[in-house]
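Dear colleague,

Please find the structure below, handed over for your review.

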Amino acid sequence: MAQQDLPCVLIPAYKPDDKMISLISSLKANGFDRIVVVDDGSGAEFESLFDQAEKLSCTVLRHAINMGKGRALKTGFNEGLLQGLFDRGVITADADGQHAPKDILKIARAMADNPDTMVLGVRAFKGKVPLKSRLGNSITRYFFALIHGSDVRDTQTGLRGLPPVQIPVLLSLPGDRYEYEMNMLLALNDHDFQLSQVPIETIYIEGNRSSHFKVFQDSFRIYLLLFKFIGSSLFSTVVDYGLFAAMNILVPGQLIGSVAVARITSSFVNYKINRHIVFKRQEVHRTAALRYYGLVVFVMAASYGLIKVFNLYLGINLYLSKIMADTILYAVSFFVQREFVYRR
């Protein structure tokens with residue numbers, strides 16, 4: 001590719017070593033003329049490395065304290081937009097040597113072929129891969145597919161090509177640490193952004209000791225959306241089951257009435273929580289509410305039918321039948337809400 005066609009490269013760095021300078025030098029040798037480095041509060045002992053980056057004609061931005069990778073990326077996005085550096089897009093790359101210059105160039109070529117598409121550099125996770133990295137990606141990949149509905153082979157990759165059209169939206173997303181990169185992927189469906197995946201070399205230096213990823217703390221942030229949905233559903237289930245039991249005690253023999261009262265009340269609670277807390281759609285179009293309550297009617301009818309089958313035809317206890325029916329319908333409700341109700 002010609003130098004004038006290469007995108008900007010953004011490198012967030014926290015307590016880097018000489019591998020960052022080697023990466024910058026290699027990028028310069030490969031024709032990348034726009035490189036932004038963000039010092040995420042590394043401290044005085046690392047100033048010389050960032051001074052070297054400046055001498056290599058990089059734009060160096062500094063945080064006074066460590067604010068997290070997500071915040072460092074946002075700082076770079078903001079500066080790049082203000083300075084007009086992203087007219088060809090931007091490639092984010094890690095400072096620890098895990099992204100080879102040849103792969104960064106591969107991302108740049110893919111961006112040129114798909115100018116409005118986010119391009120991920122995805123690792124194969126074969127060979128000598130640290131266990132926490134292999135497990136972390138496998139688990140996150142599974143949960144992302146569950147939430148998002150598509151298969152991203154490397155959800156934790158820091159090598160990403162972002163087209164100009166997506167950057168303002170990505171800058172507005174929540175998250176200051178590693179969860180921010182997951183939020184970028186979760187935003188794809190919301191904004192009808194396209195995604196492309198390019199295989200890259202899997203590089204782990206010294207067992208990935210330089211990584212600042214905190215397995216439990218940062219994984220919790222990444223999975224928070226799913227946890228919120230489960231919590232919302234559990235709370236609504238308690239409301240639903242409590243009202244169902246109360247109605248059966250107060251008005252025995254009225255199965256359909258008990259199901260209807262319990263489901264309508266709990267669905268209203270669930271809708272409010274999912275809209276404002278889980279999926280955070282403060283300005284959902286009225287059709288979303290119509291879609292949601294269409295789902296409620298379907299689930300209510302299905303719940304009644306399943307309870308009747310389990311209780312009357314299979315002889316299972318009424319309350320156990322209720323639990324069995326709603327467990328089946330829980331999965332249906334999740335996927336319908338994700339793909340139909342709250343999808344923009």
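**Salt bridges and helix packing**

R34 is buried, with a relative accessible area of 19%; buried means under 20% relative accessible area, exposed over 50% and partly exposed in between (1.4 Å probe, protein chains only). This is a predicted model, in which local features need pLDDT of at least 70 and side-chain atom pairs count only at pLDDT 80 or more, while totals for chains, interfaces and linings use all residues. Residues are numbered from 1 along each chain as its sequence is written, and side-chain values use heavy atoms, with hydrogens and water left out.

R34 forms a salt bridge with D87, the closest N and O atoms being 2.4 Å apart; the term denotes a side-chain nitrogen of Lys or Arg within 4 Å of a carboxyl oxygen of Asp or Glu. The pair links distant parts of the chain, 53 residues apart: D87 lies in the loop between α3 (69–83) and β4 (90–92), R34 in the loop between α1 and β2. Helices (H or I, at least four residues) and strands (E, at least two) are DSSP runs, numbered from the N terminus. D87 is exposed, at 52%.

By this rule the count comes to 13 salt bridges. Within helix α12 (residues 318–341), D326 and K322 lie four residues apart, about one turn of the helix, and form a salt bridge at 3.1 Å between the closest N and O atoms. K322 is buried, with a relative accessible area of 0%, and D326 also counts as buried, at 17%.

D51, E54 and R62 are linked in a network of salt bridges.

Yours sincerely
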